[in-house]
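Here is a short report on selected helices and their packing. Please keep the model open while reading.

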Amino acid sequence: MSERAVYDPKAFGGDLEGLPFPEDFLWGGATADFQFEGGFGEGGRGLLSHDFETGGDVNTPRRVSLRLADGSRGFVTSEDALPEGSEPALFDDVYYPSHKAVDFYHHHSRDIELMGELGFNVFRFSVCWSRIFPTGLEEEPNEEGLAFYDHVIDELAEAGIEPLITICHDEIPAALAEKYDGWAGREVIDAYVRYAKTLLLRWKGKCRLWLTFNEINVVLGYPMIGTRKQDDQTIYQAKHHMMVASALVTKLAHEIDPRNLMGTMYASSELYARDCKPENVFERMRVRRETLFFSDVMVRGAYPNYAHDLLARRGVELAKEPGDDEILAEGVLDFVSFSYYRSNIVGVGSELRRHGVLGLEPNPYLESTPWGWPVDPLGLRYLLNELYDRYQKPLFVIENGIGAIDVREEDGSVHDPYRMRYLADHLREMKKAVLIDRIPVIGYTMWGSTDLVSLSTGEMKKRYGFIYVDMDDEGKGTLERSKKDSFFWMQKVLEANGAYLSPDMETLEKDVARLEGEFAE
Ligand code: BGP
């Protein structure tokens, strides 16, 4: 990384307005194939675990559609076990958001053009595993699938945008899930390594930033990891296999091209003790270890000392093979990347979901989004410090943003001051972490920079983007892309490499113009 700008507290005051981020800082957006790409059944794409998942909303969970043992139709929530004898099945009268998503498959040129206009220099996307290996079991990849991403990567390069590829974003080819019980089957490691190697060789020299998995610390359920059962034993065993697979691919990636930089994404809400009662503070430490367990293994290269207690409490007995520990030690990651949307409160008896990443207790000091996610910009600075203290590896904020209901006016404009406010507040705290706390942060990719389907609810109305996509929760709409107010705001922010972050467009424009004037002098 280049020399960082010098922070002089006397000259710049607490909010650092006027000071840019380091010159080589990466700025961009992030997406996932089954939320963004669509192209179902096209180009030889095979069925994906997510293809059976219905939409939902804040009160209605998404479900997996099934053919039950007696031949009738059934549904279970995406986090439930599949009933004995049932199989995931598609029905003509059910809407499945992954099939079309927002159709990046046919809109990639326009989408990339808009990213270029925004000023991105990196774009995070995931490759759809079943587009490359339709069942996951083939020996040879699907050339048409690879060619699609060749186009994407070449168009990005032309726009001056570097790819950041998620090899596997919470998904598995359906046939592979069926044959081996998803990641519960150790055989999936080989299938994944074959798949990842194909990508690493194909885009050698064109892509240097890779993520082996997305949010490995929270994924569960048939759509995400392909397992039929959802008990702790199954899930931790599956994730042991994923960690071994990630380490093998990390080692391989370094051999294929030493310039490759490898990460995995962790869902990283910040976590606070409910109060200063020692039992609650201790509980915070215990839950924190649950959320950081997977990064502890993959970034340090070994199961931590507290793993014994963590697994025993959950009644998990891991089946490890001889050599697994060596593999984990040899495949440590180069950087630590994470999503940050919110913080949580924890204390004795707290109800927490997904290993402490989703808390239900309101924080009286914070406001929440309409989907109940507490907004906590300072939590991002805290997290960056906490992770760097723990790992001493470069960090990468690869998901952040606010899901909100946007209104598109008749003239196509979308006024989203809440998004500019949310992002400005988070970027400001990130800037403090970089310039004051001296944390090496590689970059920032905003989640869903072009509107896409929500992962948790399957809705379109929970929008994150700078770019509005005309589509509703049932998949109806022209799919036309238009620029929200936040698009123009982010353009200005990036023009000055984050030197000015005012969420008020007028002030921002004046500040950036002043900066340009200073350069001209
Ligand atoms: C993360 C996932 C993304 C994403 C995001 C926002 O967990 O990596 O795939 O969608 O969260 O969540 P949601 O879409 O549920 O608002």
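## Helix 6 and its cover

In helix 6, the buried residues are Gly145, Leu146, Phe148, Tyr149, Asp150, Val152, Ile153, Glu155 and Leu156. Buried means under 20% relative accessible area, exposed over 50%, and partly exposed in between (1.4 Å probe, protein chains only). Helices (H or I, at least four residues) and strands (E, at least two) are DSSP runs, numbered from the N terminus. The cover over these buried residues includes helix 4, strand 5 (122-126), helix 5 (129-132), strand 6 (162-166) and helix 8 (187-202). Contact means heavy atoms within 4.5 Å.

Helix 6 covers residues 143-158; at 1.5 Å a residue, its 16 residues should span 22 Å, and its end C-alpha atoms are 22 Å apart, which agrees. The expected span is 1.5 Å times one less than the number of residues. Just after helix 6, Gly160 takes a positive phi of about 75°.

## Basis of the model

This is a predicted model: local features need pLDDT of at least 70, side-chain atom pairs count only at pLDDT 80 or more, and totals for chains, interfaces and linings use all residues. Residues are numbered from 1 along each chain as its sequence is written, and side-chain values use heavy atoms, with hydrogens and water left out.

## Helix 4 against helix 16

Helix 4 (residues 104-118) packs on helix 16 (residues 485-495) at about 50°, with the axes 8 Å apart. Axes are lines fitted to C-alpha atoms, for helices over the stretch in contact, and angles run from 0 to 180 degrees between N-to-C directions. Helix 4 is therefore oblique to helix 16. Angles under 35 degrees count as roughly parallel, over 145 as roughly antiparallel, 65 to 115 as roughly perpendicular and the rest as oblique.

Helix 4 brings Leu114, Glu117 and Leu118; helix 16 brings Phe487, Met490, Gln491 and Leu494. By class, this contact of helix 4 with helix 16 has five nonpolar, one polar and one charged residues. Ala, Val, Leu, Ile, Met, Phe, Trp, Tyr, Cys and Pro count as nonpolar, Asp, Glu, Lys and Arg as charged, and the others, Gly among them, as polar.

The axes of helix 11 (residues 278-300) and helix 14 (residues 377-391) come within 11 Å and cross at roughly 55°. These two helices are therefore oblique to each other. The residues of the contact of helix 11 with helix 14 divide into six nonpolar, one polar and seven charged.

Asn385 sits in helix 14. Beyond its neighbours within four places in sequence, Asn385 is in contact with Asp437 and Ile439. Asn385 and Arg438 are 53 residues apart in sequence and 9.1 Å apart in space, C-alpha to C-alpha.
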